[in-house]
Amino acid sequence: MAGKGTPATALLAKQKVAHVLHAYDHDPRAESYGLEAVEALGLDPARVFKTLVADVDGKLTVGVVPVTGQLDLKALAAAAGGKKAKMADPAAAQRATGYVLGGISPLGHRSRLPVVIDASAEKFETVHCSAGRRGLEVELAPADLVRLTGAVVAPIAG
């Protein structure tokens, strides 16, 4: 794992953003990548966020919500200025972000996608999200995550 960067870690380094990488051995049988990270790293699940890609009125949009919650598609659509949202086709999500499912980071996408981060992230000094590979999480300040992704912050977790 060491030495294998991702577009997310390259962006963090280029922007000189304070962050900590947390690696763990990914179990391919894990049903929830986010909860696997919580258990493997002994983290507070409220501080660990999953990255989900949705289709908002025909435009791929990223929702970042706590691993213990669900993405509220109606709230995501409203926050993104759209009317209707549905989960994106997994292949389209992987193509647009450049990451594999379970390793999609909100940072360093292949295509510039709108990002909406759940408002609960602002309650914490740092949050964790995928660093762009299964088994690799990045811990950083929510304000840095918002700035680097150009995100809108809104209550999108149900």
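Visitor: In which sense do β5 and strand β8 pair, and over how many bridges?

Guide: Strands of a sheet pair through backbone hydrogen bonds, either parallel or antiparallel. Two strands pair if DSSP finds at least two bridges between them. Helices (H or I, at least four residues) and strands (E, at least two) are DSSP runs, numbered from the N terminus. Here β5 and β8 (residues 152-154) pair in the parallel sense over three bridges, and Asp118 has Ala154 in β8 as its bridge partner.

Visitor: What should I know about the model and its numbering?

Guide: This is a predicted model, in which local features need pLDDT of at least 70 and side-chain atom pairs count only at pLDDT 80 or more, while totals for chains, interfaces and linings use all residues. Residues are numbered from 1 along each chain as its sequence is written, and side-chain values use heavy atoms, with hydrogens and water left out.

Visitor: What is the order of the strands in the open sheet?

Guide: The order of its five strands is β4-β2-β3-β5-β8, with mixed pairing. Because β4 (85-87) and β8 each have a single partner strand, they stand at the edges, and one side of each lacks a neighbour in the sheet. Strand β2 (residues 49-56) pairs with β3 in the antiparallel sense over eight bridges, with Val56 opposite Lys59 in β3. Strand β3 (residues 59-66) pairs with β5 in the parallel sense over three bridges, and Gly63 stands opposite Val116 in β5.

Visitor: Are the faces of strand β5 covered or open?

Guide: Buried means under 20% relative accessible area, exposed over 50%, and partly exposed in between (1.4 Å probe, protein chains only). Both faces of β5 (residues 115-118) are covered: Val115 and Ile117 are buried on one side, Val116 and Asp118 on the other.

Visitor: How many salt bridges does the structure hold?

Guide: Side chains of opposite charge can pair when their charged atoms come close. A salt bridge is a side-chain nitrogen of Lys or Arg within 4 Å of a carboxyl oxygen of Asp or Glu. The structure holds three. One of them joins Arg47 to Glu139, with the closest N and O atoms 3.2 Å apart. This pair links distant parts of the chain: Arg47 is in the loop between α2 (33-41) and β2, and Glu139 is in strand β7 (residues 136-140), 92 residues apart. Arg47 is partly exposed at 22% relative accessible area, whereas Glu139 is buried at 18%.
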